[in-house]
Amino acid sequence: DIDALEAEQLTQNDAIALNTAKTGITTEQADIIANTSGVNTGDQDISGIAVNAANIATNATDIATNVAAIAAHNTADGDLSATNEIQDLQFSGGIITLSDDPDATTIDLSGYDDNAADDFDGDWTSLTNRPTGLDDGDDDTQYTAGTGLTLSGTEFSISDLAGDVTGPTNATVIADDAITTAKILDGAIIGGPGGKIADNSITASDLAPNSVNASEINADAVGTSELKVDAVETENILDGSVTPIKIEPGNNNQVLVTNSSGDVAWEDQTTNADTPGGALIRGIASTTSDYTLGPNDYTLIVYGNNDTISFPSTAVTGQIYVLKIMQNAKKNETNINYIDEEGDRENELKEKHTYTFQFDGTYWQLINKSQ
C-alpha cells in the first residue's frame, strides 16, 4: 500500500543519505530523490525497487572498499606514475628476464658453465701442470752467483774473467762471434809445437787480401811443407819480393829452365850450351819406339818402324829439333803437321832422311831435309 511504500522510501532515503559520501551522490541529488511530490500515488509495481535498493547498497559497499584499497596503494607506492613501478629480476633455465619489461629483453646465459663442482677453489694444489720450479708454490727461491757472475738483487751480470773459461764439454760457453780482435792478448795465439793453430788449418780462403804482412811471419816459418798446393797465387806475391836468395839453390853449373811439363826446374848448363872455344853442345838421343821430344833434346836418331815422334805443346819460339831417320826405319811420322818447303802440311818421316825443324810460335817449319 501507499503508506508502506512511503515508509520504505523514507528508509531508502535515509540509507542513501548515509552513503552519499561513499557513492558520490550529493545532498542536492539525495533531496531530489527523496522528494516524492509529483509521484504517482496510484497502485504501482514496486517489486523491483527493493531489489534495486539492495543492489545499490551492495555497490556502495564495494565502492567504499575500492576507495580504501586505492588510498592504501597510493600511500605504499609513494607516487602515482604507472611507468615508475617496482620490477623483479628473474632467472630461469639460464635466461634472465625483467618483470613488466615493455621491450621483453632477455639475457641468455644457458651456454655458460653453471656447474659449481668443477670451479677453481683457489687452492694452489688444485692447479694442474704446475712448473717444476714453482711446484712448492712459494716465491722465495734463493739464487747464488757462480764463478764469473755477480748477483745484485734479482739481476745477474758477468764479471771480468781472469784465466780460462771452462764449462761442460757439450756446452756453448762462448757465443758465436763473441770474441773480437780486441779481446785477444797480443802474442796469445801462436803456431808450432804446443801452439794453438793446428797444422793445415788456415787456408787461402781464411785470409783476406793483403791481411798478412811480412812482419807477421817469423823468419823461416813458412817452408814448402807449410804451404798447401796452389795456396799461394801470383797475385798474392808482392812485386820484387822473390829474389835469388828466396829460390831453392840448384847444383853446380845448373840453370833454371822450363821443362816439358811447364814447370821451372834446375837443369845442367852443359846440356844445351856453347863451350868457351866456340863448339856447340846440344843434346842427342835415339829411339826404337814412340818418342816425345823435351827441352833437353836437340838431335834424335830414329831406328824404329811405325813410330810417332811427338813435338812438345809448350815449345818456345825459335826452338830447333833435328830428326835423323835411319835406313829401314819405315812408316814413321810426327804428331803434328809441319809446313814443308812447298808450304804444304805434312807429317811423314822418310827413311834415310834428316829433317831440321824450327818453331815460329805457331807452326813447326821444315827448315831443311837432306838424304
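How many bridges join strand β12 to β14, and do they run parallel or antiparallel? I found four bridges between β12 (residues 299-302) and β14, and the two strands run parallel. I noted the terms too: helices (H or I, at least four residues) and strands (E, at least two) are DSSP runs, numbered from the N terminus, and two strands pair if DSSP finds at least two bridges between them.

Before going on, I wrote down that this is a predicted model, where local features need pLDDT of at least 70, side-chain atom pairs count only at pLDDT 80 or more, and totals for chains, interfaces and linings use all residues. Residues are numbered from 1 along each chain as its sequence is written, and side-chain values use heavy atoms, with hydrogens and water left out.

**Entry: strands**

I looked up who faces whom, and V302 stands opposite I325 in β14. On to β17: this strand pairs with β14 in the antiparallel sense, over six bridges. There, V322 has T356 of β17 as its bridge partner.

I also found an open sheet of three strands, ordered β1-β2-β3, with antiparallel pairing. Its edges are β1 (89-92) and β3 (107-108); each has a single partner strand, so one side of each is left without a neighbour in the sheet. Two bridges hold the antiparallel pairing of β2 (residues 95-98) with β3, and I95 stands opposite D108 in β3.

**Entry: aromatic rings**

Rings of Phe, Tyr and Trp (its six-membered ring) pair if their centres lie within 6.5 Å; planes under 30 degrees apart count as stacked, over 60 as edge-to-face and the rest as tilted. By this rule I get eight aromatic pairs.

Why is the pair of F311 and F357 edge-to-face? Their ring centres are 5.4 Å apart and their planes stand at 90 degrees, so the pair gets that name. F311 is in the loop between β13 (308-310) and β14 (320-325), while F357 is in strand β17 (residues 353-359), 46 residues apart. I checked burial (buried is under 20% relative accessible area, exposed over 50%, partly exposed in between; 1.4 Å probe, protein chains only). F311 is buried at 5%, and F357 is buried at 0%.

Next came Y338 and Y355, with centres 6.5 Å apart and planes at 55 degrees, so this pair is tilted. Both Y338 and Y355 are buried.
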